Amino acid sequence: MNIHEYQGKELFKKYGVAIPRGKVASTPEEAETIARNLGVGVVVKAQIHAGGRGKGGGVKLAKDPAQAKKAASEILGMTLVTHQTGPEGRLVKKVLIEEASDIANELYLSVVLDRSFGQPTVMASTEGGMDIEEVAAKTPEKLTKIQIDPVLGVWPSTARRVACGLGLEGEQVKEGTKLIANLYKFYDEMDCSLVEINPLVQTRDGRVFALDAKVNFDDNALFRHKDVAEMRDLDEEDPLEVEASRFDLNYIKLDGEVACMVNGAGLAMATMDIIKLAGSSPANFLDVGGGANQEMVENAFRILMDDDDVKAVFINIFGGILRCDVLAEGVVEAVKTVNVDVPIIIRMEGTNVEKGREILESSGLDFTVGKGMNDSAEMVVAALER
């Protein structure tokens with residue numbers, strides 16, 4: 001689960017990660033009042049779940065409260081388009097009013113789960129403000145990566161090593177070391193999968209603090225953090241993904257035309273790959289899970305059909321805990337209740353596969369049953385071309 005920058009900074013503050021003074025506003029009048037209370041020049045920052053806000057016109061400087069009000073009126077209500085939002089953009093409903101900083105250097109700092117090592121990893125770079133992928137590709141010598149033993153955590157010596165790698169000197173090393181240690185503590189105790197500060201800034205008066213905050217939480221651990229779960233902003237998520245989450249379905253909207261219903265993440269990835277190899281592209285990632293029942297299958301099918309981009313459906317199931325006959329019954333009931341005007345190709349193997357095929361064939365509905373993954377994927381593409 002993602003949260004907004006202002007929410008991330010509120011949590012940072014609780015863990016001793018230094019941030020600028022600021023407050024969130026929903027109206028231009030609130031922005032003016034906050035700027036007046038801060039008593040300095042401010043930055044007005046759009047609050048959406050996407051990067052690149054400045055390039056899209058979502059970040060503006062204001063020298064006084066009147067300018068803050070004007071900037072907020074221009075940003076609030078705009079549809080902000082960045083490289084991360086897609087062409088449809090995101091509607092801005094809140095802005096963060098924050099004291100402007102006299103920046104000397106922009107740095108990069110993050111803690112992320114490195115799945116190749118199975119450990120959290122601290123990443124730091126002197127090239128803040130840039131995409132870290134670009135830094136890693138063009139100037140890898142400027143990127144420090146340190147794997148952290150989750151049992152031992154971040155030792156003071158490790159935090160100092162990162163601080164020195166960021167080019168901090170003198171008292172800033174001490175300040176940076178504390179910030180790095182606190183950031184890792186936040187990542188660990190709050191069950192995050194990513195915590196990123198880009199940029200982490202050095203100011204000309206010697207301060208070091210987080211100018212931005214990107215935080216992603218492990219959904220599986222949210223039951224331990226009720227306060228964090230309440231920060232979820234459904235307006236920032238795709239409506240179909242929100243609907244799927246209500247039924248415990250793992251759904252991600254993509255930009256293709258073939259809807260996929262699969263049980264198991266590995267099979268879902270393989271299904272998307274084989275659709276691409278056959279000459280089309282997947283419209284979604286949908287894993288109904290091994291323990292899905294008939295009701296979940298019906299809800300999954302309805303969500304697939306709510307996507308206007310879908311031109312065909314590929315159901316690829318390996319029956320185990322989710323038996324093939326249960327899947328077939330769910331699909332038949334779903335098609336009877338949902339208006340379906342696209343071809344449906346089904347490939348099933350595993351537990352009760354013959355019974356499942358019998359249910360489909362005797363339903364009187366228009367299904368195409370494939371024998372293998374490659375055969376079925378080719379059927380899907382052929383159906384699209386008719």
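1. Helix H9 (residues 265-278) and helix H13 (residues 373-384), in this predicted model, pack with their axes 9 Å apart and at an angle of about 55°. The axes are lines fitted to C-alpha atoms, for helices over the stretch in contact, and the angles run from 0 to 180 degrees between N-to-C directions. That makes H9 oblique to H13, given that angles under 35 degrees count as roughly parallel, over 145 as roughly antiparallel, 65 to 115 as roughly perpendicular and the rest as oblique. Helices (H or I, at least four residues) and strands (E, at least two) are DSSP runs, numbered from the N terminus.

2. The crossing of H9 and H13 is right-handed; a crossing has this hand if the near helix is turned clockwise from the far one by less than a right angle, and is left-handed if anticlockwise. On the H9 side the residues are Leu 267, Ala 270, Thr 271, Ile 274 and Ala 278, and they meet Met 373, Asn 374, Ala 377, Glu 378 and Val 381 of H13, where contact means heavy atoms within 4.5 Å. Seven residues of this contact are nonpolar, two are polar and one is charged, with Ala, Val, Leu, Ile, Met, Phe, Trp, Tyr, Cys and Pro counted as nonpolar, Asp, Glu, Lys and Arg as charged, and the others, Gly among them, as polar.

3. H5 passes H6 in a right-handed crossing. H5 contributes Pro 156, Ala 159, Arg 160, Val 162, Ala 163 and Cys 164 to the contact, while H6 contributes Val 173, Gly 176, Thr 177, Ile 180 and Ala 181. By class, these residues divide into eight nonpolar, two polar and one charged.

4. On the cysteines, Cys 164, which belongs to the H5 side of that contact, is partly exposed, with a relative accessible area of 48%, whereas Cys 192 is buried at 8% relative accessibility. The terms are set so that buried means under 20% relative accessible area, exposed over 50%, and partly exposed in between (1.4 Å probe, protein chains only). A search of the whole structure finds zero disulfides, a disulfide being a pair of cysteine sulfur atoms within 2.5 Å.

5. Gly 41 lies in the loop between helix H2 (28-38) and strand E2 (42-46), and with a relative accessible area of 26% it is partly exposed. Its C-alpha atom is separated by 7.6 Å from that of Leu 61, 20 residues apart along the chain. Leaving aside neighbours within four places in sequence, Gly 41 is in contact with Ala 62, Lys 63, Glu 98, Glu 99 and Ala 100.

6. Glu 98 sits in strand E6 (residues 95-99) and, at 2% relative accessibility, counts as buried. Not counting residues up to four places away in sequence, Glu 98 touches Gly 41 and also, among others, Glu 5, Lys 9, Arg 21, Lys 45 and Leu 211.

7. For the protein chain as a whole, there are 13 helices and 18 strands, and buried residues make up 49% of the 386 residues. The C-alpha trace spans about 75 × 50 × 40 Å along its principal axes. Among contacts between residues at least 6 apart in sequence, 68% join residues at least 24 apart.

8. On conventions, residues are numbered from 1 along each chain as its sequence is written, and side-chain values use heavy atoms, with hydrogens and water left out. Because the model is predicted, local features need pLDDT of at least 70 and side-chain atom pairs count only at pLDDT 80 or more, while totals for chains, interfaces and linings use all residues.
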